[in-house]
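Q: I would like to go through the labels used for this structure and see what each one rests on. Please begin with the charged side chains.

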Amino acid sequence: MWLLAGGAVTVWCSPAGADPAQGERVFQRCFACHSVVAGEDKLPGPNLRGVVGRRAGTQPGFRFSPVLIEAGARGLVWTRATLDAYLADPERFLPGTEMGLPGLRDAVERRNVIDYLEKSGPTLRRTP
Amino acid sequence: MRRSLLALLAALLTLPSAVWAPAASAEVAVQAYALPPGGGPHDVAVGADGIVWYTAQRTGQLGRLDPATGQVDLIPLGPAAAPHGVIIGPDAAPWVTEGGTNSIVRVDPRTREVKRWPLPEARGYVNLNTATFDKRGRIWFTGQNGVYGRLDPATGAMQVWDAPKGRGAYGIATTPDGEVYYASLAGSHIARVDLDTGAATVIEPPTKGQGARRVWSDSRGRIWVSEWNSGNVSRYDPKAKDWKTWKLPGDSPRAYAVYVDDKDKVWLSEWSANAMIRFDPETEKFEAFPSDRRGANVRQILGRPGEVWAPESGVDRLVVYRTK
């Protein structure tokens, strides 16, 4: 299920056992196209600093594929849950996506890399 | 378990293929072969015997298509496999840049035995991309995290070098006289590799930030480059050391893959139009062959005389453009 942008803000926190240091290692699979360094925005993929909480296809200055733009317009927001589903099998989650990652099959790797991404920049949070 | 089922299905089924008449050119016959679902065919290579090999990246397998029958066989490359590129070596075997296990892989075309040469552990994960053989029997490869390397299968000796401008090393190809060039997508350049020292010399295309993704050589050793960001196709002439650049048709083209066929016509996959493009350098005209399926997403092109093969990664098909 997608979180609708403009609706209620979701609540998340790092799950027990998540390991951002391991996540940085997993991020090597993303490194060729993505960065979490502020201002490093000339890569083939969008900068992922602060991606958790961002509406899909809206990073300023990046040319997204039509399917990402359409998904964002329909309300897709990158939460921990949607990122997990996307990273598990990008093509299944968003058919036609341009992202070349074949998918991270290991749920622990996905959890760790999402934790790493979450810690890379400001994210939406609220008190339960 | 899922992979075993897919392999079983593939072995049992002879999959149907579709043929359609292209709008662009009456002299080109187009045929599509449906593949077992879910594989996401990334790269393709056709051997002199006409057998077609492709990387089923999403399911970690190497596929084998017999175009005469449509029969597809799937060869598992291991539980962590996510193969990116495949080429046919001088030994007529498929060689794979196996990104999932960070290794170069050879599959015996007869016995299906899988042999693996892992990259040095100290290098970490390099995101292996594409490979090419030089004329000395050595395989050169790129790793998109910022490396390129060389393996001599005869001795097992492997060397890996840092790419001169960091991450981005992507497509790689050998010219008819044996020179090796690669493209850097994130680095927006091509590079020529010294076959003895391994040193890479950066060559900058005229368009800044163009996103050079793949390279191929024509019969005269000129390097053709598909530019992802700019939507151009460009040509570098190593003898004259000059460039020529053409914009692909459409408002905002994106050129992903490039291949030069036996008639020196240049084929490109263009994602905005969801089409294969054929460019004639003599007339400077483009012809478009739109896919009949939305989101075909052709990430690489390879062929043999009279055949150009394109894997439609988004719809699990291999499409051949027969030019005879």
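A: Arg80(A), Asp115(A), Glu118(A) and Lys119(A) are linked in a network of salt bridges. This is a predicted model, in which local features need pLDDT of at least 70 and side-chain atom pairs count only at pLDDT 80 or more, while totals for chains, interfaces and linings use all residues; side-chain values use heavy atoms, with hydrogens and water left out. Residues are numbered from 1 along each chain as its sequence is written, chains are lettered from A and ligands numbered from 1 in the order in which they are written.

Q: What makes the pair Asp115(A) and Lys119(A) a salt bridge?

A: The term asks for a side-chain nitrogen of Lys or Arg within 4 Å of a carboxyl oxygen of Asp or Glu. For Asp115(A) and Lys119(A) the N to O distance is 4.0 Å, so the pair falls within the 4 Å limit. Behind the rule is a simple idea: side chains of opposite charge can pair when their charged atoms come close.

Q: How do you know whether Asp115(A) is buried or exposed?

A: Its relative accessible area is 1%. Buried means under 20%, exposed over 50%, and partly exposed in between, with a 1.4 Å probe and protein chains only, so Asp115(A) is buried.

Q: What about Asp91(B) and Arg106(B): what links them, and where do they lie?

A: They form a salt bridge, with the closest N and O atoms 2.7 Å apart. Asp91(B) sits in the loop between β7 (83-88) and β8 (94-98) of chain B, and Arg106(B) in strand β9 of chain B, 15 residues apart. (Helices, H or I of at least four residues, and strands, E of at least two, are DSSP runs numbered from the N terminus.) At 35% Asp91(B) counts as partly exposed, whereas Arg106(B), at 19%, counts as buried.

Q: How far apart in the chain are Lys244(B) and Glu284(B)?

A: They are 40 residues apart, with Lys244(B) in strand β22 (residues 242-247) and Glu284(B) in the loop between β25 (275-280) and β26 (285-290) of chain B. Their closest N and O atoms are 3.3 Å apart, which makes a salt bridge. Lys244(B) is partly exposed at 38%, and Glu284(B) is partly exposed at 38%. Over all chains the structure holds 27 salt bridges.

Q: How many salt bridges run between chain B and chain A?

A: The count is four. The side chains of Arg254(B) and Glu98(A) meet in a salt bridge at 3.0 Å, N to O.

Q: How much area do chain B and chain A bury between them?

A: About 2,100 Å², 39% of it on carbon and sulfur atoms. Buried area is the accessible area (1.4 Å probe) that two parts lose on being put together, summed over both. Arg58(B), Arg167(B) and Arg254(B) supply 33% of what chain B buries against chain A, more than any other three residues. The contact (heavy atoms within 4.5 Å) takes 30 residues from chain B and 22 residues from chain A.

Q: What makes a set of residues a nonpolar core, and which residues stand out in the largest one?

A: The members are buried Ala, Val, Leu, Ile, Met, Phe, Trp, Tyr and Cys residues joined through side-chain atoms within 4.5 Å. The largest nonpolar core has 31 residues, and among those touching the most other members are Trp267(B), Met276(B) and Tyr321(B). β23(B) gives the most to this core, with three residues. Met276(B) touches, among others, Trp267(B), Phe289(B), Ile301(B) and Tyr321(B), not counting residues up to four places away in sequence. A second, separate core of 25 residues includes Leu68(A), Leu83(A), Tyr86(A) and Ile114(A).

Q: How do you know whether Arg110(A) is buried or exposed?

A: At 10% relative accessibility Arg110(A) counts as buried. Arg110(A) lies in helix α5 (residues 107-118) of chain A, and a polar atom of its side chain is 3.2 Å from the backbone oxygen of Arg105(A).

Definitions and conventions
Polar contact = N/O pair within 3.5 Å; in protein donor to acceptor, adjacent residues only side chain to side chain.
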